[in-house]
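Colleague: I would like to learn how to read helices, domain contacts and a ligand shell in a model. Please take the features one at a time.

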Amino acid sequence: MSLNWMAEKLRPYEPSIFATIGRLALENKCVNFGQGFPDFDGPRMVKDAACAAISEGHNQYAPLAGTPQIRQALAEKYKQINLDYDADSQISIFNGATQAMYAALTAIVNPGDEVIVFEPTYDTYNPIIEMNGGIPVPVRLHPPSFHFELQELRSAFSPRTRAIIINTPHNPSSRVFTQHELSDIRDLCLEFNCIAITDEVYEYLVFHTEHISIASLEGMSERTIIISSSAKTFALTGWKIGYALAPVAATEAMRRLHQYIAFAVSTPLQLGIARGIERIDTLLPAMIQRLKRKRTLMCNQLEELGFNVLRPQGTFFILADISKLTKLDDISFVRKLIESEVRVATIPVSVFYRDTQTAPKNYIRFCFAKKTSTIEKGLQQLQKIKDL
Ligand SMILES: Cc1ncc(COP(=O)(O)O)c(C=O)c1O
């Protein structure tokens, strides 16, 4: 008799569109603007610190909570925005923000709990909520500006609401939530006594605006789990060093899970990132300047080609409206760009929606965190759109 290896809880989750597009892009030798990671390298000083840690023998298990150096560096960093987290009892290191999110949701969600997510939704949240017996409740961000309607958000809250996930700067819309929006969310969290889980992995990658963590709003630090990562900040996505800052009881719950899913995270890489966080104020300006140049170059040229572009306020991504260029929906258009002479890979935005029937089908996502040579090559190939 053949075995069915896949447990029932995993069967609804097909391999993601990201994997499919990655494969197609490779097969068709595309310039890949789909992947959400840089094709350039992170700061030398951070890499050198990790190499030195290996040479100096920091090669055994780190403490479950993370190395004291990185937790202390994070505590100092958050003090600058008036958030006081104790390095020992409130800051924990995980294998990326992805694992931190898994730990946070698993720590707090009981079967039947509802968790509000903004849509378009980063792909990991809903499966994790559901695997814990929770129910994702989507609230749409409305194009073209990708703002939420307060009335719609309010009606998503109920006595069963356990938490709301706030991803700002937001992937894929690249919007940065305003103080006003965060205050509205805060008021609802207080009224319905629920938890805020943030995903702030792009916290430092903001352009011409300011990133605000909802934890810094009055009454919120005691009901917020901040999740972030060094991946995007330092263009070192392969290191997978993420972290969570949370009240003591939430931290205890997350660490209880962490001891069984990983126990510890790479010691030398944590030490490298600790050095990066200590020096972030000197490293960041040049990195942001470089990203801003790439953002402007790509936005301008996409507009010239006939895309309607939402100028990103943060993140690595540009959302482009394809309606003026094609009658195809986003998924068919993305396939066409990959398989035609254009040979450029992007991500269709409708895949970030739970109900794909009613999702907007006129947006595709470009990642601009690429070498200038990659961007120029891709933009040159995109000129062939005119011949499609
Ligand atoms: C919104 C968002 N959250 C989390 C992650 C994953 O972060 P990490 O690599 O630290 O797990 C990403 C990566 O693309 C992301 O875009």
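Modeller: Begin with Asn 193, which follows helix H7 and has a positive phi, near 50°. Helices (H or I, at least four residues) and strands (E, at least two) are DSSP runs, numbered from the N terminus. This is a predicted model, in which local features need pLDDT of at least 70 and side-chain atom pairs count only at pLDDT 80 or more, while totals for chains, interfaces and linings use all residues. Residue numbers start from 1 along each chain as its sequence is written.

Colleague: What span should the 13 residues of H7 have?

Modeller: The expected span of a helix is 1.5 Å times one less than its number of residues. For H7 (residues 179-191) that gives 18 Å, and the end C-alpha atoms are 18 Å apart, which agrees.

Colleague: Which residues of H7 are buried?

Modeller: A residue is buried if 20 or more other C-beta atoms, placed from the backbone, lie within 10 Å of its own, exposed if 12 or fewer, and partly exposed in between. In H7 the buried ones are Leu 182, Ile 185, Arg 186 and Cys 189. Viewed down the helix axis, they fall within an arc of 105° (taken from the directions from the axis to the C-beta atoms), so they line one face of H7. His 180 and Glu 191 are exposed, on the face turned away from the buried side.

Colleague: What covers the buried residues of H7?

Modeller: The cover includes strand E5 (161-167) and strand E6 (195-199).

Colleague: How many residues of each domain are in contact?

Modeller: Domain bounds come from an automatic or database domain assignment, here domain 1 (8-37 + 282-387) and domain 2 (44-278). Contact requires C-beta atoms, placed from the backbone, within 7 Å. By that rule 26 residues of domain 1 are in contact with 28 residues of domain 2. On the domain 1 side, helix H10 (280-305), strand E10 (317-321) and strand E13 (363-367) each give two or more residues. H10 has the largest share, 5 residues.

Colleague: And which residues of H10 are buried?

Modeller: Leu 283, Leu 291, Lys 294, Arg 295 and Met 298 are buried. The buried residues of H10 pack against helix H9 (267-278), E10, E13 and helix H12 (372-382).

Colleague: How many residues surround the ligand?

Modeller: A residue counts if its C-beta atom, placed from the backbone, lies within 6 Å of the molecule. There are 14, the closest being Gly 96, Ala 97, Thr 98, Asn 171 and Ser 229. Helix H4 (residues 96-108) gives the most, 3 residues.

Note on methods
Contact = placed C-beta atoms within 7 Å.
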